[in-house]
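Biologist: I would like to walk through this chain with you. Shall we take it one question at a time?

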Amino acid sequence: QIDYETIKRHVFYAKLSDRKATNHNYNYNNHLWSTYCLIKFDISVNDLNDNRPEFYSDLNNFSAFIHENSPKGTVLAQVEAFDVDSKLNSLINYSLVLTQNSHFFKIDSSTGLIILDSNYLDRELVGSQFVLKINATNIKTNNQNEIINNLQSLLVNIHDVNDNFPHFEQPKYFLNIEENLPTGFVVIQMKAYDSDLNATIE
């Protein structure tokens with residue numbers, strides 16, 4: 001099988017000979033007179049887009065983190081892929097696969113740089129982790145513009161920021177108590193909560 005990525009050039013010779021009695025090149029092996037000619041074949045293999053892009057990052061260990069409420073334009077990560085095809089056949093285009101939280105980010109189609117595209121990344125709404133899927137594609141020009149692609153998963157970790165106020169369970173409390181109660185008597189026990197992670201309420 002001829003493969004451009006393995007051998008880009010093939011050189012070989014073809015020999016054409018006969019055994020007619022002539023005055024040239026006596027052949028001592030069979031004691032016949034022969035003539036021959038050599039033809040050189042120098043074949044350059046043209047590259048076809050037959051290889052898909054491959055990511056440099058380990059698919060099982062690719063993760064990034066960002067703080068919630070980070071400003072729009074904050075860099076999350078950068079992915080990089082390669083294609084062993086040559087020239088135009090190796091050009092790669094990056095895009096994000098549409099998922100539940102992919103709209104918070106955008107990716108540079110040429111460089112693979114992923115940045116935050118929103119000012120409202122809230123851990124309390126989207127959760128502490130979710131997965132982005134990155135698509136690396138190129139055009140298979142030798143087969144009716146078929147697209148060759150490869151996917152990479154990026155685990156996004158959202159770091160919590162103390163951005164929520166504590167809240168009581170009830171907006172109002174009404175009490176009726178008797179007079180002359182002793183000091184230390186428990187009148188009411190109120191509870192409050194905070195949506196932030198590991199929040200301590202005092």
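Biologist: Is Phe130 buried or exposed?
Modeller: Keep in mind that this is a predicted model. The relative accessibility of Phe130 is 8%. Buried means under 20%, so Phe130 counts as buried.

Biologist: Which aromatic residue pairs with Phe130, and how are the two rings arranged?
Modeller: A pair of aromatic rings is described by the distance of the centres and the angle of the planes. The partner of Phe130 is Phe105, with 6.3 Å centre to centre. The planes make an angle of 50°, and the pair is tilted.

Biologist: Which strands does this pair of Phe105 and Phe130 link?
Modeller: The two residues are 25 apart, so the pair links distant parts of the chain. Phe105 lies in strand S10 and Phe130 in strand S12 (residues 129-140).

Biologist: Is Phe105 buried or exposed?
Modeller: Its relative accessible area is 4%. The limit for buried is under 20%, so Phe105 is buried.

Biologist: Which residue stands opposite Phe105 in S11?
Modeller: S10 pairs with strand S11 (residues 113-116) in the antiparallel sense. Three bridges join S10 and S11. Opposite Phe105 stands Leu116.

Biologist: Which strands stand at the edges of the open sheet?
Modeller: Three strands form this sheet, in the order S7-S11-S10, with antiparallel pairing. Each edge strand has a single partner strand, so one side of each is left without a neighbour in the sheet. The edge strands are S7 (75-78) and S10 (105-107).

Biologist: By how much are neighbouring strands of this sheet turned against each other on average?
Modeller: Direction is ignored for this angle.

Biologist: Which residues touch the most other members of the largest nonpolar core?
Modeller: In soluble globular proteins, nonpolar side chains tend to be buried together. Here the largest nonpolar core has 24 residues. Touching the most other members are Leu76, Tyr94, Phe105, Leu154 and Val156.

Biologist: How far apart in the chain are Phe12 and Phe41?
Modeller: Phe12 is in strand S1 (residues 9-18). Phe41 is in strand S4 (residues 35-44). The pair links distant parts of the chain, 29 residues apart.

Biologist: What relative accessibility do Phe12 and Phe41 have?
Modeller: Both residues count as partly exposed. The value is 40% for Phe12 and 34% for Phe41.

Biologist: Where is Asn180 found, and is this residue buried or exposed?
Modeller: Asn180 has a positive phi of about 65° although it is not a glycine. Asn180 sits in the loop between strand S14 (167-168) and strand S15 (192-193). Its relative accessibility is 72%, so Asn180 counts as exposed.

Conventions: Residues numbered from 1 in each chain as written. Predicted model: local features only at pLDDT ≥ 70, side-chain atom pairs only at ≥ 80, totals over all residues. Heavy atoms only, no water. Pairing = 2+ DSSP bridges. Helix = DSSP H or I, 4+ residues; strand = E, 2+ residues; numbered from the N terminus. Axes fitted to C-alpha atoms, helices over the stretch in contact; angles between N-to-C directions. Buried < 20%, exposed > 50% of the residue type's maximum accessible area, 1.4 Å probe, protein only. Phe/Tyr/Trp six-rings, centres within 6.5 Å; stacked < 30°, edge-to-face > 60°. Core = buried A, V, L, I, M, F, W, Y, C linked by side-chain atoms within 4.5 Å.
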